[in-house]
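Dear colleague,

Please find below the structure that I am handing over to you. My notes on what was found in it follow directly after.

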Protein chains: 2
Amino acid sequence: MAQGETEGPVGGSAVVSSAATGKDGGAAHEVLAVVFQIRQNRLSVLLWCRALPPFEGCWALPGGRLGATEGLGESVRRQLAQKVDVRDLSHLEQLETRGEPGRHPGGRTLATAYLGLVPAGIDPVVPHDTAWHPAAELPCMAFDHAAIVGSARRRLRAKLSYTNIGFALAPPEFTMSELSRYYRAALGHDVAATNLRRVLLRRGQIEETGRSVPSGRSGGRPAALFRFRTRSLEITDAFAVLRPPQG
Amino acid sequence: MAQGETEGPVGGSAVVSSAATGKDGGAAHEVLAVVFQIRQNRLSVLLWCRALPPFEGCWALPGGRLGATEGLGESVRRQLAQKVDVRDLSHLEQLETRGEPGRHPGGRTLATAYLGLVPAGIDPVVPHDTAWHPAAELPCMAFDHAAIVGSARRRLRAKLSYTNIGFALAPPEFTMSELSRYYRAALGHDVAATNLRRVLLRRGQIEETGRSVPSGRSGGRPAALFRFRTRSLEITDAFAVLRPPQG
DNA sequence: TCAAAAGTGTTTTTCGTACACCCATGA
DNA sequence: TCATGGGTGTACGAAAAACACTTTTGA
């Protein structure tokens with residue numbers, strides 16, 4: 001329903017695109033968002049199901065036509081808020097722009113894709129035709145959207161290694177074993193909480209809140225609560241290799 | 001002269017943009033190229049001087065309007081070949097797309113920027129209004145092009161640390177002291193040839209050709225010639241940090 | 001034989017992982 | 001007091017920078 005509006009620019013764009021690809025050289029331009037959240041220890045992406053051709057029944061990234069007076073990032077935030085009711089983005093960054101002439105059956109359409117992150121633990125209300133899917137098991141995907149999700153996964157994975165982008169995956173406060181599960185889900189491999197703690201502490205990414213969480217029914221030492229020191233993107237380990245002399 | 005054609009899309013776009021930003025929502029789309037080459041031990045960027053307002057007398061990145069049937073990368077290569085006669089790109093990759101409504105005084109224009117590299121040692125013939133400028137001392141720059149050059153520098157610098165992108169800066173064969181000068185120019189800090197040699201050899205990026213260069217008039221041991229093992233982009237050191245267990 | 005430039009051996013440092021061990025809690 | 005999960009101390013290995021030393025050439 002909310003997505004019906006997206007049908008125009010994404011699906012039924014024969015009229016629009018013929019105008020847009022006319023002799024003035026302009027092409028239709030849309031923005032797309034790969035919104036990730038860790039849900040049940042899996043990296044998940046927000047998709048909506050197309051009701052009309054092309055790609056009827058397949059899943060697509062949320063997004064839509066770029067407005068005449070808005071910036072690209074601005075447009076992504078607007079469309080996520082309007083169409084899938086997501087307003088809790090902890091991070092948003094541009095991924096890539098795709099413009100192959102054949103990428104869109106309905107006519108020439110350029111798409112600028114963004115990577116958006118929602119912290120774990122919250123559950124935004126989304127429309128009925130919209131759902132979270134594990135990024136590792138994508139359903140039938142429309143257009144080139146599967147490839148775009150792949151780009152987003154690689155970007156997130158890389159940035160976890162040299163920035164503090166974990167702040168955007170984690171809730172405001174967390175235990176180290178929780179955080180290591182988020183990292184495991186996003187990286188796709190095991191992450192030992194004990195070492196993650198020291199790495200992120202040494203890099204100054206996280207700090208103790210002083211509080212702790214009582215141990216569960218099966219006992220165990222209470223877990224200390226941590227938070228990220230800053231909640232905006234910073235490069236914390238600019239490269240272990242080829243660094244300037246004198247450390 | 002060759003750049004005069006670029007005046008249309010970049011400068012005198014009042015008519016075009018009014019059509020492009022009309023109620024169909026399309027906007028003008030251009031591609032831009034940040035073409036780097038190491039020249040006289042300095043990282044240099046190819047710019048052309050604007051003859052007409054806006055930004056008359058300032059320098060701009062080469063590029064122009066995206067054609068109706070061409071892909072983005074394809075368009076960059078075409079425009080570089082046609083307008084500045086550069087056909088020797090050793091590497092080309094997409095950087096970012098800028099679409100702030102106010103970025104272009106003549107009307108709404110989206111720009112997708114690319115990073116292009118030309119190997120050191122060749123000297124492409126460029127039009128008379130086009131020149132190489134040190135990336136560290138940019139002249140008066142049109143639009144947001146100075147910021148785009150900054151993005152390109154950061155991208156190149158980062159990729160030198162974990163990919164084999166040096167292949168695109170160096171000529172087919174080179175001595176280690178030459179290569180260390182290219183790295184120094186691109187990274188902005190000293191790079192010891194002796195360590196660079198071992199790092200790149202360990203990573204399998206370079207190999208000896210078996211030949212060597214006779215020493216100069218002041219003597220010295222002849223330098224061995226090296227080449228990059230592959231001349232397409234590869235990630236050679238996927239991350240020293242947060243790597244999967246079992247090394 | 002000396003200066004200059006290239007190349008090698010070795011040391012030091014940093015960083016991340018692995019692993020053993022200790023701590024705090026609930027039943 | 002025992003199982004359970006959290007936290008600390010330490011060892012190990014990889015990788016890069018620093019630096020002393022050797023090699024190979026021209027004059």
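Leaving aside residues up to four places away in sequence, Thr112(B) touches Thr97(A), His29(B), Glu30(B), Val31(B), Leu32(B), Leu72(B), Gln94(B), Glu96(B) and Thr97(B). Please note that the model is a predicted one. Thr112(B) lies in strand 6 of chain B, which covers residues 109-117. Its relative accessibility is 0%, so Thr112(B) counts as buried. Two of the neighbours are also polar partners of the Thr112(B) side chain: the side chain of His29(B) makes a polar contact with it at 2.9 Å, and the side chain of Thr97(B) makes one at 3.0 Å.

Helix 5 (residues 176-187) of chain B packs against helix 6 (residues 193-202) of chain B with the axes 9 Å apart and at an angle of about 95°. An angle from 65 to 115 degrees counts as roughly perpendicular, and helix 5 and helix 6 of chain B are therefore roughly perpendicular to each other. On the side of helix 5 of chain B, the contact is made by Met176(B), Ser177(B), Leu179(B), Ser180(B) and Tyr183(B). Helix 6 of chain B contributes Ala193(B), Leu196(B), Arg197(B) and Leu200(B). By type, the residues of this contact between helix 5 and helix 6 of chain B comprise 6 nonpolar, 2 polar and 1 charged.

Turning to chain A, its secondary structure consists of 6 helices and 9 strands. Of the 247 residues in chain A, 54% are buried. Where contacts in chain A join residues at least 6 apart in sequence, 68% of them link residues at least 24 apart.

Pro134(A) belongs to strand 7 (residues 130-134) of chain A. Is Pro134(A) buried or partly exposed? With a relative accessible area of 22%, Pro134(A) is partly exposed, since buried means under 20%. Pro134(A) touches Arg42(A), Leu43(A) and Ser44(A), residues up to four places away in sequence not being counted. Between Pro134(A) and Gln40(A) there are 94 residues in sequence, yet their C-alpha atoms are 9.7 Å apart in space.

Finally, a word on confidence. Chain A has a mean pLDDT of 87, and 86% of its residues reach 70 or more. Over residues 1-25 of chain A, however, pLDDT stays under 50, although the model has 56 contacts beyond four places in sequence for this stretch. Where pLDDT is low, predicted coordinates should not be read in detail.

With kind regards

Technical notes
Residues numbered from 1 in each chain as written. Chains lettered and ligands numbered in written order. Predicted model: local features only at pLDDT ≥ 70, side-chain atom pairs only at ≥ 80, totals over all residues. Heavy atoms only, no water. Axes fitted to C-alpha atoms, helices over the stretch in contact; angles between N-to-C directions. Helix = DSSP H or I, 4+ residues; strand = E, 2+ residues; numbered from the N terminus. Parallel < 35°, antiparallel > 145°, perpendicular 65-115°, else oblique. Contact = heavy atoms within 4.5 Å. Nonpolar A, V, L, I, M, F, W, Y, C, P; charged D, E, K, R; others polar. Buried < 20%, exposed > 50% of the residue type's maximum accessible area, 1.4 Å probe, protein only. Polar contact = N/O pair within 3.5 Å; in protein donor to acceptor, adjacent residues only side chain to side chain. pLDDT = per-residue confidence, 0-100.
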